[in-house]
Structures are given as structure tokens and as C-alpha cells.
Amino acid sequence: QVQLVESGGGLVQPGESLRLSCVASGTIYSIDVMGWYRQVPGKQRELVVSITTDGRTTYGDSAKGRFAISRDNAKRMVYLQMNSLKPEDTAVYYCNAELRTRSYAPWQAYWGQGAQVTVAS
């Protein structure tokens, strides 16, 4: 069984920073892309930013210039550094990983339970 667990969410004021962490655990053979998505009620989940094993990143429009992603492959962790936060960044942030549980298993997407980030004064 695979688990992705996020941590680091909370309430911050506009302009402040926050760092989210996510760790993957369980029966994992290999992890490819890891990333962060976010969702607000009534809207589709959207990509914030993702990162490949070798460090290539893909940013959603909302994250460019303010957010940064990093990962520690040995620890199976991915981080999201969010700076200059705005009220419109308020959302539930989900960790995502494309991984295989066995060498012969297909690649599958797994999701964390979500971390609430609220930006308000």
C-alpha cells in the first residue's frame, strides 16, 4: 500500500511564506514525477508545479515566480516553497506522485489527503 502524506499547511497573512512537505511511503519500486496541485470548492484541481526525478519542472500559471518545488529522491519527499502568498492562493494543496509498486507494475498516480492553505489578513 502506498501513502502520500502532506504537512505544513496552515493560516498565513498575505505576503508571507509557507513550505509544504510530502513524503511517500509503502511498497514503492520507483517514483517518476512528483508534484503539487491545488483545488478550491467548485473548481477543478489544477497543477501548481511538478518535478521529475532529474529535476525538470513544469509550472502552472499560478506558481510562476513565487513558488518553488524541490525533492529528495532518497527520502521520497517533495517540497513546495510558497512565497509572497496571496488570498487567491487559498486552497487545498495535494501532493501527487507517479510511481510503480513493482518493477513489472504499471505507472500509477497517487494522491495525498490534502493540506489546507489559507491566506488571509
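Predicted model: local features only at pLDDT ≥ 70, side-chain atom pairs only at ≥ 80, totals over all residues.
Visitor: How many helices and strands does the protein have in total?

Guide: The secondary structure comprises 0 helices and 11 strands.

Visitor: How may one judge whether the protein is compact or extended?

Guide: One compares the radius of gyration with the value that the globule rule gives for the chain length. Here the radius is 14 Å, close to the 14 Å given by the rule for 121 residues, so the protein is as compact as a globular protein of that length. Along the principal axes, the C-alpha atoms fill a box of roughly 50 × 25 × 25 Å.

Visitor: What share of the residues counts as buried?

Guide: A residue counts as buried when its relative accessible area is under 20%. By that criterion, 40% of the 121 residues are buried.

Visitor: Which residues have the most contacts inside the largest nonpolar core?

Guide: That core has 29 residues, and those with the most contacts inside it are Trp-36, Val-48, Phe-67, Val-78, Leu-80, Met-82 and Tyr-93. Among the elements giving two or more residues to the core are β4 (30-39), β5 (46-51), β7 (67-72) and β8 (77-82). The most is given by β9, with 5 residues.

Visitor: Which residues does Phe-67 touch, beyond those up to four places away in sequence?

Guide: Its partners include Val-48, Leu-80, Met-82 and Tyr-93, and also Arg-38, Gln-81, Asn-83 and Asp-89.

Visitor: What fraction of contacts joins residues at least 24 apart?

Guide: Among contacts between residues at least 6 apart in sequence, the fraction is 55%.

Note on methods: Residues numbered from 1 in each chain as written. Heavy atoms only, no water. Helix = DSSP H or I, 4+ residues; strand = E, 2+ residues; numbered from the N terminus. Rg over C-alpha atoms; globule rule 2.2 N^0.38 Å. Buried < 20%, exposed > 50% of the residue type's maximum accessible area, 1.4 Å probe, protein only. Contact = heavy atoms within 4.5 Å. Core = buried A, V, L, I, M, F, W, Y, C linked by side-chain atoms within 4.5 Å.
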